Amino acid sequence: MAEAIEPRFLRPLLAPDAEHGYAMRFDEPLALDCGRSLAPFTVAYMTYGALNAARSNAILVCHALSGDQFAAGTHPVTARPGWWQTMVGPGKPIDTDRYFVICTNVIGGCMGSAGPAEINPSTGRPFALEFPVITIRDMVCAQRKLLDGLGIHELLSITGGSMGGMQVLQWVANYPECVVSAIPIATSARHTAQNIALHEVGRQAIMADPNWRGGNYQQEGVQPSKGLAVARMVGHVSYLSEAALEQKFGRALQGRDAVSYGFGHDFQVESYLHHQGSTFVERFDANSYLYITRAMDYFDLAADYGGMLSRAFANAGTQFKVISFTSDWLFPTAENRRIAEALTEAGVNADFQVIESNRGHDAFLLDEPELFAAARTFLNAVAETRGM
């Protein structure tokens, strides 16, 4: 049974309306990969555009690690544009004048979906580390329940970058009959040792903060802000390329004519990273950072199919557009090519496009005309084959 509710975590900020977002609560337990179940649980989501009478124009947008359900419009917490404002909206590549776009906050997140910041009904306290460890597959299963609750049983397309791309791949592996087309961007079918290592540095920074308090900081009225800020700084460096950092900052000094011979923010790049860290802690939960990074670390789609990635797509009639960026060293082109080759081996209709960009992993979030053209052309072709 599903019931539309107001997100508890966002209650001071949001009303459940078309401008600010929705949530749906499920009483039926969600069986998780860790062997536990979650019940009741909530999925927070946002929609853009209108669902047509045939319910055939729905597109699911999946967010990355630091994203949420507010892909477009104005974010109600930060008052800044949604994280994929470049791609989603009227007349944009994912055209909300034509498509009905759904974006959910993943379970384990901190913008209204079930996660460690939410109240544990059995204790009346925030879950904190009592929340079960979740996986990408768990996120996708929760999304499927939401779509069923909305009466949407087929997606015209599903797309996302980074962790969003992982969800795209898991969707097609789990529910191939539900997905007409898919656009995984700057992603991988498994998390590499390098990426796991980077995540562990971030997690340790959070857990080393004295205010983390074993994960119980909400109960004690504090926040591990310094640790979370450092985690964000480490992550943000990995989202950019050396060329992008050099072009944007080089060795330019921050508000001074000479180095200070101290440990303040001598360089503009240092000031930039500190800004990224401080703004992140205002909108993100530290425990959610632990849970979501762990879900990414555990992701290895081929492992569920005897080590053969192509087997994950054996039953897929889904049409694919796989997109990579040349300067992305976090999810490099070789990882994206591996996905495309596995799709081809499985007999899936898949096109692979490598986009020249010096912006690194974050290129999928930025003004990249070649990305816009690729997505628009692909979606238009898919829609036309479906008689839209």
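Which side chain meets Glu 200 in a salt bridge? Select Glu 200 and Arg 203: their side chains form that bridge, with N and O 3.1 Å apart. A salt bridge here is a side-chain nitrogen of Lys or Arg within 4 Å of a carboxyl oxygen of Asp or Glu.

Before going on, note that this is a predicted model, in which local features need pLDDT of at least 70 and side-chain atom pairs count only at pLDDT 80 or more, while totals for chains, interfaces and linings use all residues. Residues are numbered from 1 along each chain as its sequence is written, and side-chain values use heavy atoms, with hydrogens and water left out.

**Stop 1**

Helices are DSSP runs (H or I, at least four residues), as are strands (E, at least two), and both are numbered from the N terminus. Arg 203 is buried, at a relative accessible area of 5%, whereas Glu 200 is partly exposed at 31%. Buried means under 20% relative accessible area, exposed over 50%, and partly exposed in between, with a 1.4 Å probe and protein chains only.

**Stop 1: helix α1**

The whole structure holds 13 salt bridges. For another of them, select Arg 137 and Asp 304, whose closest N and O atoms are 3.3 Å apart. Arg 137 is in helix α1 and Asp 304 in the loop between α7 (286-298) and β14 (319-325), so the pair ties together parts 167 residues apart in sequence. Arg 137 is partly exposed, at 26% relative accessible area, and Asp 304 is also partly exposed, at 40%.

Next, select Arg 144 and Asp 148. Their side chains meet in a salt bridge of 3.3 Å, N to O, and both residues lie in helix α1, four residues apart, about one turn of the helix. Asp 148 is partly exposed, with 33% relative accessibility.

**Stop 2: the cavity**

Helix α1 (residues 136-149) gives the largest share of its lining, three residues.

**Stop 4**

Select Thr 318, in the loop between α7 and β14. Thr 318 is buried, at 1% relative accessibility. A polar atom of its side chain lies 2.7 Å from the backbone oxygen of Val 179. Contacts of Thr 318 (heavy atoms within 4.5 Å), leaving aside neighbours within four places in sequence, include Val 172, Pro 176, Val 348 and Asn 349.

Finish at Ser 241, in the loop between α4 (225-239) and α5 (242-248). Ser 241 counts as buried at 4% relative accessibility, and a polar atom of its side chain is 2.4 Å from the backbone oxygen of Asn 358.

Definitions and conventions. A polar contact is a pair of N or O atoms within 3.5 Å; within protein, one must be able to donate a hydrogen and the other to accept it, and residues adjacent in sequence count only if both atoms are side-chain atoms.
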